[in-house]
Amino acid sequence: MIAWKLNAVGYDNNRTAVKLAREKGVLAIDWLPVLKYDNILLADVIEHIENPQKELRCLDNLLSEKGFVYIVTPIKQPVLSKYHYREYTESELIEEMKELGYSVKEMIVKPEYKRMYAKFSKCH
């Protein structure tokens with residue numbers, strides 16, 4: 001089991017999702033303060049983005065110089081989920097982030113859970 005001690009805030013641009021999170025005791029907001037973050041977690045997000053290259057570029061403005069982007073996403077399946085624009089293989093995710101100027105620091109693929117977990121940092 002992995003455990004972290006973090007000061008964290010959840011962000012979603014969907015006000016209903018933020019309200020539900022708050023009802024469950026999660027500190028959640030529907031706007032982002034203009035700050036630099038040491039860690040950004042995208043858990044089950046990128047597969048729902050129609051144009052991930054465009055959307056992920058905004059991370060440059062949010063991530064601190066020594067920060068990390070953590071991505072949790074389903075492993076590419078033979079049949080694309082009707083809720084996903086795209087799913088990734090390990091190499092596809094690494095290449096997509098490389099094109100955005102990020103290098104992979106850690107990658108864990110769990111076929112039994114059909115998930116992959118990745119940690120990226122900005123190339124300097």
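A residue is termed buried under 20% relative accessible area, exposed over 50%, and partly exposed in between. In this predicted model, F68 has a relative accessible area of 24% and is therefore partly exposed. Y70, with a relative accessible area of 26%, is likewise partly exposed.

These two residues are linked through their rings. A pair of aromatic rings is described by the distance of the centres and the angle of the planes. The structure holds one aromatic pair, and it is formed by F68 and Y70, with 6.3 Å from centre to centre and 55 degrees between the planes. Planes under 30 degrees apart count as stacked and those over 60 as edge-to-face; the pair of F68 and Y70 is tilted.

Strands β5 and β6 form a hairpin with four residues between the strands. Strand β5 covers residues 102–110 and strand β6 residues 115–122; the two run antiparallel and are joined by eight bridges. S103 has S121 as its bridge partner in β6. Within the hairpin, K114 adopts a positive phi near 55 degrees.

A nonpolar patch on the surface is made up of I108, Y113 and Y117, which together present about 290 Å² of accessible area. Of these residues, I108 is located in strand β5. The relative accessibility of I108 is 32%, so this residue counts as partly exposed.

Methods. Residues numbered from 1 in each chain as written. Predicted model: local features only at pLDDT ≥ 70, side-chain atom pairs only at ≥ 80, totals over all residues. Heavy atoms only, no water. Phe/Tyr/Trp six-rings, centres within 6.5 Å; stacked < 30°, edge-to-face > 60°. Buried < 20%, exposed > 50% of the residue type's maximum accessible area, 1.4 Å probe, protein only. Pairing = 2+ DSSP bridges. Patch = residues over 30% accessible without salt bridge, like charges linked within 9 Å, V, L, I, M, F, W, Y side chains within 5 Å. Areas by Shrake-Rupley, 256 points an atom, 1.4 Å probe, with all protein chains shown as cover. Salt bridge = Lys/Arg side-chain N within 4 Å of Asp/Glu carboxyl O.
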